[in-house]
Amino acid sequence: MWEWVRRAVLHSLATALLRLWKWLRVFWYKNGLLTLSMLSVVTGCLLGFLLRALELTDLEKQYFSFPGELLMRMLKMLILPLITSSLMSGLATMDSKACGKMGVITITYYLWTTFMAVTVGIILVVSIHPGAAAQKDNYSVGKVVLSSADALLDLIRNMFPSNLVEASFQQYRTVLVPVVKSPGFPKIPGKPLNFIYFAPDDKNPEIHRPVFLELTPSPEMTYRTLAGTSNEMNVLGIVIFSATIGLLLGKMGERGAPLVNVCQCLNEAVMKIVSMAVWYFPFGIVFLIAGKILEMEDPSVIGQKLGLYVITVVSGLAVHGIILLPLLFVLITKKNPFAFIQGILQALLIALATSSSSATLPITLKCLLENNGIDRRVARFVLPVGATINMDGTALYEAVAAIFIAQVNEYELDLGQIITISITASAASIGAAGIPQSGLVTMVIVLTSVGLPTEDITLIIAVDWALDRLRTMTNVLGDALAAGIIAHVCHKDFAPKPPPQNPVSNTDKFLSAETSHLHPKDKGIEITEETLLDQTGVHYNICQV
């Protein structure tokens, strides 16, 4: 009897262990990478705060952050081929009428959600009034900022880059050159005049502080605008050019088919690279987050000065990202938004680590295609456009920051000025590049629109690196939910048409023979081929990578 009991216990134990092992295998297959990424975020935070006690030198911090730097370089490497191939192939394989409809809906949705985000931010900052607890430092940065007109003109110039090769690594930016007027100084032969030197700041070499050397009386200084560049990819110009080429390729028919095939193959190859590179991401995230925490100033001092401001921004991002956007998703699609969000958690964690919506674009596209089953053509159009113009978190942040600076300076804003801030924050966020801390650049437009001092941007720089990550998560979440909504609204336009009743032609036989060997995961490619063949009569050779 005891032998029977022992066998029964061992059998039940073995069965339970086998079920547990199967469950762990299924869980790891579905959520293993996501689990590692979440653990890496926590590990990076803990490691960063623990290493702060060692007081590492700047060189040691640079060496420590090297794995995180590799992660950023990997992601940025994929931005250019992914944007160009996605937009060209996605728009070329769509019907012009469906493409126009999707474009109008996408732009309208992005503008509406941006306005919602700005409204939430203004309501919270006026209610909480964080500027009352902040203290203004007695120094100001010596860097002169652009006017709002120059910033707006730079945005328009970048929409039409003069050199596409240069646009892949540089963008146009107006620079200010100081000019000293000294009409009151006598010109004495043989005696040189004194000069004004601009010395680079110790902490930030990009900031030049003026050093006046024995000039009495003080000279009058003016600034002249000159054409310049910044070492950042001109994503906006590349998106507009790629979208234009994609639309024209679709209208060219058979003549444009070879280039469309190249773009299809390039897009599939980039996604294969992403699938391999994602396993390095958890390791890189640890050092990327820990390195940023090591560079952070004293948290206690920052908390005393900007604690309420941080709470206001985080609350606004939470309300917009967790309540309003999912609610909009439910009302339009009648689906569970949190199940959809679960499929893009990997992309949200990458956004948290990199603070760049453009660098997160490959991961977002991968999550939407594999986890949420979004149509390839919709994702290839909505995501690159969203990564360029849909900046809900940035718009909310800029509105809150502008009113916060007004409160610190005890500057009362009337209703007209608040409306001006809401409009300019929405417009300026569209021009914010998908790069880390790009919101500080477009903040100038918002501040100058209501006459606030632009040098007070330095008040919020101490916490901008952390808030930048949270608003990037909101931007990526908005892009992904927009793709789900657009796919639902336009699903009839992209549904495969029924096969014609005419006899099977040679082209149809070739197509059926080719698609019979497709992998089940390539369902989106099958639909693309059938739709193209039905609508245009042109057969596109889709590359299998």
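**From helices to salt bridges**

In this predicted model, helix H3, which covers residues 66-92, has 27 residues and reaches 40 Å from its first C-alpha to its last, close to the 39 Å expected at 1.5 Å a residue.

Leu36 has its place in helix H1, residues 2-51. Leaving aside neighbours within four places in sequence, Leu36 is in contact with Trp28, Trp279 and Pro282, and its C-alpha is separated by 9.0 Å from that of Phe281, which lies 245 residues away along the chain.

The structure holds seven salt bridges. In one of them the side chains of Arg376 and Glu268 meet at 2.8 Å, N to O, and this pair links distant parts of the chain, with Arg376 in helix H14 (residues 376-389) and Glu268 in helix H8 (residues 257-277), 108 residues apart. Both Arg376 and Glu268 are buried.

Arg471 forms a salt bridge with Asp464, where the closest N and O atoms are 3.3 Å apart, and another with Asp468, where the corresponding distance is 3.2 Å. Arg471 and Asp468 both lie in helix H18, residues 461-489, at a spacing of three residues, or about one turn of the helix. Arg471 and Asp468 are buried, and Asp464 is buried as well.

Note on methods:
Residues numbered from 1 in each chain as written. Predicted model: local features only at pLDDT ≥ 70, side-chain atom pairs only at ≥ 80, totals over all residues. Heavy atoms only, no water. Helix = DSSP H or I, 4+ residues; strand = E, 2+ residues; numbered from the N terminus. Expected span 1.5 Å × (residues − 1). Contact = heavy atoms within 4.5 Å. Salt bridge = Lys/Arg side-chain N within 4 Å of Asp/Glu carboxyl O. Buried < 20%, exposed > 50% of the residue type's maximum accessible area, 1.4 Å probe, protein only.
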